[in-house]
Amino acid sequence: MAYYAGVDLGATNIRAAVADEEGNVVSTTDCDTPQGPAGIAVTEAVLDSLREACADAGIQPTELRAAGVGSIGPLDLAEGAVENPANLPDTIDRIPLTGPVGKLIASDRVYLHNDTNAGVIGQRFHSERNPDDMAYITISSGIGAGVAVDGNVLSGWDGNAGEMGHMVVDSRGRRTCGCGRDGHWEAYCSGNNIPEYARMLAEDGESVETSLPLSDPEFSAKDVFDHAETDAFAERVIDRVAHWNAVGVTNVAQAYAPIVVYLGGAVVLNNEELVVDPIRERLDDLVFNNVPDVQLTTLGDEVVLKGAIASALTDGTGDQSKVR
Ligand SMILES: [Zn+2]
C-alpha cells in the first residue's frame, strides 16, 4: 500500500491527513495555527500534524510517497515558503514548507499551492469527468480563485495567480478593500466586507427601514442572510452582493473559459440558495462566450485538504490519469 499526505494550512487551523493510493483518507489531525513567535513555529506545527497523522495511520512519515500543501498566501514558490502572510501577526514573516516537509517524508515530491489552487485541484480530481477547464472560487472572509486551463493549474511565477478577489468590479471604487485599493470584488462580497457594504447602502437610501442591527459593532454577514425573507433592506443587500458576485464570476469566465465553476467558502456553504442561485440566474445576461455551469463545491469545507491530497497523488495537477 502506498500512502500520500495532504495539509490544509489556514490562518486559524492546520489540518493534515494521510490517504491511500486511491485518495481515501486514512487519518486526519487538526490543531490551532500558532500565532507566533515566528514563522518557524508554524512550520513545526505542520510537521507535528503530519507526524501525528502518520502515527494514527500506523506508518512512518518516510513511508509517504508525496505530500501536498494548500496554504494561506502569499507564497514564494521558488523558496517553497509563505511570505509575510496577511492574516497572521506581523512577527510571522516567513513560513518554510517545501524543504522541511520534504526532509520529513524523505522525498522531493512536495507540492505547495495557495489554498484556492488546492481547491481547484481537489475539485478537478473528484469530478467524474475530470475537467481540464474549470475554476474553483471561494467566498469566505476573502475571495479567491483557482483555475485550470487546458489541464494546467495556473499558479503564476510566484504562486499567486488567481487573486480574483482583488479584481476591480466597481470602476467607481466606492468601497475600499482590505488591501487598500478601491472597487475590488472582495470589498463588496466577502464575509468580512458585507456588513460595511450594507452600511454604505443604508446611507445611500433616503429612509431605510430595517431590522438589521446596522450600528451594532457585531453586525455580521450572517445577520444579513438570516433576514433575507423578513427584511426588504436585507433582500436589497443580498441582491447587490449577487450583482457583484455575478460580475466577478463573469470576469473569470471571460478570462479562462471554464466549463464549470465550483463555488465554496463559508459564505457560499452557509447560504447556497441566496448566493449560488442568484449568480447562476445572472450569467446568461453577462457572459458573452460559453456560459459555465455554476455548481456548489462537492467537497464542502474539506476542499483544500482534499485538494492537497489530490495534488500529492497527481504530481500537483488533479489529473486522474497521473496517479502513480
Ligand atoms: Zn483588494
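## Ground rules

Because the model is predicted, local features need pLDDT of at least 70 and side-chain atom pairs count only at pLDDT 80 or more, while totals for chains, interfaces and linings use all residues. Residues are numbered from 1 along each chain as its sequence is written, and side-chain values use heavy atoms, with hydrogens and water left out.

## Two nonpolar cores

Let's start inside. A nonpolar core here is a set of buried Ala, Val, Leu, Ile, Met, Phe, Trp, Tyr and Cys residues joined through side-chain atoms within 4.5 Å. Buried means under 20% relative accessible area, exposed over 50%, and partly exposed in between, using a 1.4 Å probe and protein chains only. The largest core has 48 residues, and Ile-137, Trp-185, Val-237 and Leu-263 touch the most other members. Helix α7 (residues 232-256) gives the most to this core, with 10 residues. Helices (H or I, at least four residues) and strands (E, at least two) are DSSP runs, numbered from the N terminus. A second, separate core holds 32 residues, including Ile-59, Leu-75, Leu-88 and Leu-112.

Leaving aside neighbours within four places in sequence, the contacts of Trp-185 include Ile-137, Met-164, Trp-244 and Asn-245. Asn-245 lies in helix α7 and is buried, at 2% relative accessibility. With the neighbours within four places again left aside, Asn-245 is in contact with Ile-139, Trp-185, Cys-189, Val-275 and Ile-279.

## Helix α1

Helix α1 covers residues 39-57, and its 19 residues reach 28 Å from first C-alpha to last, close to the expected 27 Å. That expected span is 1.5 Å times one less than the number of residues. Gly-58, which follows α1, has a positive phi near 75 degrees.

Among the buried residues of α1 are Val-42, Val-46, Leu-50 and Ala-53. Their cover includes the strands β1 (3-9), β2 (13-20), β3 (25-32), β4 (64-71) and β7 (94-96), along with α2 (98-105).

## The zinc site

Four residues coordinate the zinc ion: His-166 (ND1), Cys-177 (SG), Cys-179 (SG) and His-184 (ND1), at 2.0 to 2.3 Å. Donors are N, O and S atoms within 2.8 Å of the metal (3.2 Å for Na, K and Ca); water is not among the atoms, so sites may look incomplete. The donor atoms subtend angles of 98 to 118 degrees, so the arrangement is tetrahedral (four donors, all angles between 85 and 135 degrees).

In sequence, the donor residues are spaced H-x10-C-x1-C-x4-H. His-166 and His-184 both sit in the loop between β11 (152-153) and α4 (186-189), 18 residues apart. His-166 is partly exposed, at 27% relative accessible area, whereas His-184 is buried, at 7%.

## Aromatic pairs

Rings of Phe, Tyr and Trp (its six-membered ring) pair if their centres lie within 6.5 Å; planes under 30 degrees apart count as stacked, over 60 as edge-to-face and the rest as tilted. The whole structure has two such pairs. Tyr-188 and Tyr-197 have ring centres 5.1 Å apart and planes at 75 degrees, so this pair is edge-to-face. Tyr-188 is buried at 1% relative accessible area, and Tyr-197 is buried at 2%.

Tyr-188 also forms a tilted pair with Trp-244, at 5.0 Å centre to centre and 45 degrees between the planes. Together, ring pairs link Tyr-188, Tyr-197 and Trp-244 into a cluster.

Notes. Contact = heavy atoms within 4.5 Å. Tetrahedral: all angles 85-135°; square planar, octahedral: opposite > 155°, others 65-115°.
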